[in-house]
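Here is a friendly briefing to read with the sequence and the structure side by side. Keep both open and follow the residues topic by topic.

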Amino acid sequence: MAKRFSPEKYVEGILAGDRVMLSRAITLVESRLPSDLELAQEVVSQVLPHAGNSIRIGITGVPGVGKSTFIEAFGNYLIKEQGRKLAVLAIDPTSQRSGGSILGDKTRMDSLATNPQAFIRPSPAGKSLGGVSRSTRESIILCEAAGFDAIFVETVGVGQSETAVHAMVDFFLLLMLAGAGDELQGIKRGIMEMADAIAITKADGENVAKAKGARAEYQSALHLYPLGASGWSPKVSTCSALENTGLDTIWQTISDYLKLTKGNGFFEKKRHDQNLQWMYEAIRQGLEDSFFAQEQVKQQLPDIAQQVKNGQKSAFAAAAELLKLV
């Protein structure tokens with residue numbers, strides 16, 4: 001059992017930029033123990049006035065697109081060329097069979113992991129849709145309070161529900177491959193509607209021509225979508241994490257987006273709307289946790305679940321029966 005501190009001790013360490021204390025606080029918000037949850041809520045509440053001063057960037061893409069390689073290259077660029085302090089919240093796939101998680105993002109980002117201006121925190125996705133940990137929102141607040149002014153949220157990229165990360169970031173970046181085939185690009189249509197920018201990765205060597213062709217194709221496709229509430233027209237660019245090319249263009253695109261949305265008020269409105277969305281999500285999560293913690297539910301759930309499994313009772317009737325217990 002990891003040592004627990006008072007809320008004030010956590011807050012003091014976080015505001016001082018203590019990485020160890022920041023890591024412990026994130027571990028706290030990831031815990032599902034009721035005692036940890038109460039302590040975590042107190043810590044998050046106390047640091048909240050010191051949060052919000054960052055650019056939150058969601059990064060997603062199909063498996064094989066090179067998310068970790070891109071994040072390392074782009075992260076180093078932001079630190080070196082833009083003077084940013086970067087936190088990377090990398091959501092790691094969780095095995096549905098064993099519940100285990102690889103948590104290997106740090107090993108795939110060697111130079112960024114050792115950069116004193118960067119903080120990488122891999123977290124297991126668990127059962128969350130879209131590969132976003134339930135604690136990611138709170139982790140963003142903690143990292144901002146610790147002084148990180150650029151936050152990357154990397155998803156698993158399974159395409160199941162990328163709206164989860166879209167609902168907690170300011171800018172949504174979709175990474176795509178050129179000439180990968182329809183089997184890898186099958187998720188693109190729905191996610192493209194949410195993307196603020198698309199980056200065609202691995203635009204180096206023999207792939208340069210293909211990447212340029214893909215860029216033109218996707219830019220034409222984006223013109224078919226109506227402008228969103230932000231008034232922003234999504235941009236498409238090419239980049240190579242291997243050769244560190246195109247990274248400045250991506251940052252310029254993000255900067256242009258911030259200038260537009262902060263100028264027309266959309267940036268602040270989106271943050272406010274997200275706060276409400278986080279609240280409703282917390283309510284849903286709290287109700288679910290409370291329901292399964294009920295003693296009557298614990299006692300009767302196994303038998304009722306077996307009846308549903310055997311076809312003796314419908315799922316809807318079983319759910320209604322269980323809900324009447326609380």
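Predicted model: local features only at pLDDT ≥ 70, side-chain atom pairs only at ≥ 80, totals over all residues.

G61 is buried, at 0% relative accessibility, where buried means under 20% relative accessible area, exposed over 50% and partly exposed in between, with a 1.4 Å probe and protein chains only. This glycine sits in strand β1 (residues 55-61); helices (H or I, at least four residues) and strands (E, at least two) are DSSP runs, numbered from the N terminus.

Residues are numbered from 1 along each chain as its sequence is written, and side-chain values use heavy atoms, with hydrogens and water left out.

**Salt bridges**

- The model has eight salt bridges, each defined as a side-chain nitrogen of Lys or Arg within 4 Å of a carboxyl oxygen of Asp or Glu.
- One of them joins R121 to E30, with 3.0 Å between the closest N and O atoms. This pair links distant parts of the chain, as R121 belongs to strand β3 (residues 118-124) and E30 to helix α2 (residues 19-30), 91 residues apart.
- The two partners fall into separate accessibility classes: R121 is buried, with a relative accessible area of 13%, whereas E30 is partly exposed at 23%.
- R271 and D170 form another salt bridge, at 2.7 Å from N to O. R271 lies in helix α13 (residues 266-293) and D170 in the loop between α8 (163-166) and β5 (171-176), so this bridge ties together parts that are 101 residues apart in sequence. Both R271 and D170 are buried.
- E281 and R284 also meet in a salt bridge, with an N to O distance of 3.3 Å. These two residues are three apart in helix α13, so about one helical turn separates them.

**Cysteines**

- The model contains zero disulfides, a disulfide being a pair of cysteine sulfur atoms within 2.5 Å.
- Among the cysteines, C143 is buried at 0% relative accessible area, and C239 is buried at 1% relative accessibility.

**Helix packing**

- Helix α14 (residues 295-309) and helix α15 (residues 315-323) have axes that come within 10 Å and cross at roughly 170°. Axes here are lines fitted to C-alpha atoms, for helices over the stretch in contact, and angles run from 0 to 180 degrees between N-to-C directions.
- The crossing angle makes α14 roughly antiparallel to α15; angles under 35 degrees count as roughly parallel, over 145 as roughly antiparallel, 65 to 115 as roughly perpendicular and the rest as oblique.
- On the α14 side, the contact is made by V297, Q300, L301, I304 and V308, and on the α15 side by A315, A318, E321 and L322. Contact means heavy atoms within 4.5 Å.
- By class, this contact has seven nonpolar, one polar and one charged residues. Ala, Val, Leu, Ile, Met, Phe, Trp, Tyr, Cys and Pro count as nonpolar, Asp, Glu, Lys and Arg as charged, and the others, Gly among them, as polar.
- Helix α4 (residues 67-82) packs with α12 at an angle of about 75°, their axes being 10 Å apart. That angle makes α4 roughly perpendicular to α12.
- In this second pair, F70, A73, F74, Y77, L78 and Q82 of α4 meet L247, D248, I250, W251 and I254 of α12. The contact has nine nonpolar, one polar and one charged residues.

**A buried serine**

- S139 is found in helix α7 (residues 136-145) and is buried, with a relative accessible area of 3%.
- Leaving aside residues up to four places away in sequence, S139 touches I26, V29 and L89.

**Positive phi angles**

- K202 has a phi near 60°, a positive value in a residue other than glycine. K202 lies in the loop between β6 (197-200) and α11 (208-222), and is partly exposed, with a relative accessible area of 37%.
- N244 is not a glycine, yet its phi is positive at about 55°. Its place is in the loop between β7 (235-238) and α12 (247-263).
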